[in-house]
Structure formats: C-alpha cells, structure tokens
Amino acid sequence: MPFSLSPAAVWPIVMLLASNVFMTFAWYGHLKHKGSAIWLAIAASWGIAFFEYCLAVPANRIGSAVYTTAQLKTIQEVITLIVFAGFSVFWLGENLTINHVIGFTLIAVGASFIFRA
C-alpha cells in the first residue's frame, strides 16, 4: 500500500486517537476515584464509552476504504498503547518505566509487520 494522505487514510487515525482517549477514561478513569460506588463507575464508564463508539465505528468504516481490517486493528492497538501510557502518567500519576517503554516498543515493532508488503 503506497503512502497516502487522503482523508480516508488520515481521518480514521485521528478519530481512533480521539476514541481511544474516551475509551481509556471509560475503562480506567474511575480508578482515580475508587471511593465512589461501583454502579456509579459503571454508569459513568458506559456513558463515556458511547462517545468512543461514535468515533470508532465511523473511523473503521471510513478507514476500510484504505486499510485492511488487520491494519485498522493494528492502528487502534498502537494508538491504545500511546494513549494509555500518557493517561497512566498524567491522570493516574503512575510512573512509566523503561520496561513499559521497551514492552510497548516491541509491540509497536511487531505491529509494523502488518503494514509490510
């Protein structure tokens, strides 16, 4: 697949980035507020996840014009790791260790094989 900056190539990445921010908050944001009731965490997470789906579904639909489904999934997973790394540091106040960086990098390197001809 030749490199392309067409809207069908770029917008899915932008939308998947935004959707992953929503999903990361839906799945892990409540960990900063462990004292709240679990039902409240579930309801809030479900509400946040709605916006994730509003971005992820059209991102995949648009992106399927340019990328294979394996490529779309790989893009989403790499974006997830990047978003999660930033989220865990800036929202949860956790440290990002060299082992995390190495592990995430190895996953990204492995993912790059999906895009090889």
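Biologist: Which residues form one aromatic cluster?

Modeller: In this predicted model, Phe-22, Phe-50 and Phe-51 form one aromatic cluster. Phe-22 and Phe-51 also belong to the contact between helix 1 and helix 2.

Biologist: How many aromatic pairs does a search of the whole structure find?

Modeller: The search finds seven aromatic pairs. One of the ring pairs is Phe-25 with Phe-87: the centres are 4.9 Å apart and the planes stand at 85°, over the 60 degrees required, so this pair is edge-to-face.

Biologist: Are Phe-25 and Phe-87 buried or exposed?

Modeller: Burial is read from relative accessible area, with under 20% counted as buried and over 50% as exposed. Phe-25 has 30% relative accessibility and is therefore partly exposed. Phe-87 has 6%, so Phe-87 counts as buried.

Biologist: What does Thr-24 touch, leaving out residues up to four places away in sequence?

Modeller: Thr-24, a residue of helix 1, touches Gly-29, Val-83, Phe-84 and Phe-87. Its relative accessibility is 5%, so Thr-24 counts as buried.

Biologist: Where is Pro-7 found, and is Pro-7 buried or exposed?

Modeller: Pro-7 is found in helix 1. Its relative accessible area is 57%, so Pro-7 is exposed. The C-alpha atoms of Pro-7 and Ile-98 are separated by 36 Å, and these residues are 91 apart along the chain.

Biologist: How should I read the packing of two helices?

Modeller: Two packed helices are described by the angle between their axes and by the distance between those axes. For helix 1 (residues 7-28) and helix 2 (residues 38-63), the axes come within 8 Å and cross at roughly 165°. An angle over 145 degrees counts as roughly antiparallel, and helix 1 and helix 2 are therefore roughly antiparallel to each other. Their crossing is left-handed.

Biologist: Which residues in helix 1 and helix 2 meet?

Modeller: On the helix 1 side they include Ala-8, Pro-12, Met-15, Leu-16, Phe-22 and Phe-25. On the helix 2 side they include Ile-48, Phe-51, Glu-52, Leu-55, Pro-58 and Ile-62. By class, this contact has 17 nonpolar, four polar and one charged residues.

Biologist: At what angle do helix 3 and helix 4 pack?

Modeller: Helix 3 and helix 4 (residues 98-112) pack at about 165°, and their axes are 10 Å apart. Helix 3 and helix 4 are therefore roughly antiparallel to each other, and their crossing is left-handed. Thr-74, Val-78, Leu-81, Phe-84 and Ala-85 in helix 3 meet Phe-104, Ile-107, Ala-108 and Ala-111 in helix 4. This contact has eight nonpolar, one polar and no charged residues.

Biologist: How many helices and strands does the protein have?

Modeller: It has four helices and zero strands, and the pattern along the sequence is α-α-α-α. Its C-alpha atoms fill a box of roughly 50 × 35 × 20 Å, taken along the principal axes.

Biologist: What share of the 117 residues is buried, and what share of contacts between residues at least 6 apart joins residues at least 24 apart?

Modeller: Buried residues make up 26% of the 117 residues. Among contacts between residues at least 6 apart in sequence, 80% join residues at least 24 apart.

Key: Residues numbered from 1 in each chain as written. Predicted model: local features only at pLDDT ≥ 70, side-chain atom pairs only at ≥ 80, totals over all residues. Heavy atoms only, no water. Axes fitted to C-alpha atoms, helices over the stretch in contact; angles between N-to-C directions. Helix = DSSP H or I, 4+ residues; strand = E, 2+ residues; numbered from the N terminus. Parallel < 35°, antiparallel > 145°, perpendicular 65-115°, else oblique. Left-handed = near helix turned anticlockwise from the far one by under 90°. Contact = heavy atoms within 4.5 Å. Nonpolar A, V, L, I, M, F, W, Y, C, P; charged D, E, K, R; others polar. Phe/Tyr/Trp six-rings, centres within 6.5 Å; stacked < 30°, edge-to-face > 60°. Buried < 20%, exposed > 50% of the residue type's maximum accessible area, 1.4 Å probe, protein only.
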